[in-house]
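Have the viewer open as you read.

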Amino acid sequence: MTNAYSFEGILIMSLLVICTCAYMRRVPRLKQWFLSERKGLMGVFYKASVIGTRLHVAVALTCSLMAFYVLILK
């Protein structure tokens with residue numbers, strides 16, 4: 001179990017948000033519901049989806065490294 005208030009927890013949560021928002025960007029109905037606002041609190045999800053789609057290789061590599069770290073090393 002990862003503590004949410006540690007650096008690892010924050011990194012894991014941010015990766016999960018980025019991956020989830022990037023997936024929601026690919027589904028038209030979810031994109032219309034969640035990613036239509038570009039400002040405010042909902043704008044954070046839009047920006048996370050942009051990061052996930054533009055840096056998909058780096059995000060996938062980081063997710064793989066964090067999975068290896070959590071499952072094997074920790």
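The buried residues of helix H3 are covered by elements that include H1 and H4, where helices (H or I, at least four residues) and strands (E, at least two) are DSSP runs numbered from the N terminus. Those buried residues of H3 are Gly43, Tyr46, Ala48, Ser49, Val50 and Gly52; buried means under 20% relative accessible area, exposed over 50% and partly exposed in between, with a 1.4 Å probe and protein chains only.

Before going further, a word on the ground rules: this is a predicted model, in which local features need pLDDT of at least 70 and side-chain atom pairs count only at pLDDT 80 or more, while totals for chains, interfaces and linings use all residues. Residues are numbered from 1 along each chain as its sequence is written, and side-chain values use heavy atoms, with hydrogens and water left out.

Now turn to how H3 meets H1. Helix H1 (residues 7-26) and helix H3 (residues 41-54) pack at an angle of about 85°, with their axes 7 Å apart; the axes are lines fitted to C-alpha atoms, for helices over the stretch in contact, and angles run from 0 to 180 degrees between N-to-C directions. H1 and H3 are therefore roughly perpendicular to each other, the word used for 65 to 115 degrees (under 35 is roughly parallel, over 145 roughly antiparallel, and the rest oblique). On the H1 side, the contact (heavy atoms within 4.5 Å) is made by Val17, Ile18, Cys21, Ala22 and Arg25. H3 contributes residues including Phe45, Tyr46, Ala48 and Val50.

What lies buried along H1? The residues are Gly9, Ile12, Leu15, Ile18, Cys21, Ala22 and Met24. Their cover includes helix H2 (28-34), H3 and helix H4 (56-73).

Leaving aside its neighbours within four places in sequence, leucine 15 is in contact with Val59, Thr62, Cys63 and Met66. Its C-alpha atom and that of alanine 60, 45 residues apart along the chain, are separated by 9.2 Å.

Finally, step into the largest nonpolar core, which has eleven residues, among them Leu15, Tyr46, Val59 and Met66. Such a core is a set of buried Ala, Val, Leu, Ile, Met, Phe, Trp, Tyr and Cys residues joined through side-chain atoms within 4.5 Å. H1, H3 and H4 each supply at least two of its residues, and the largest share, five residues, comes from H1.
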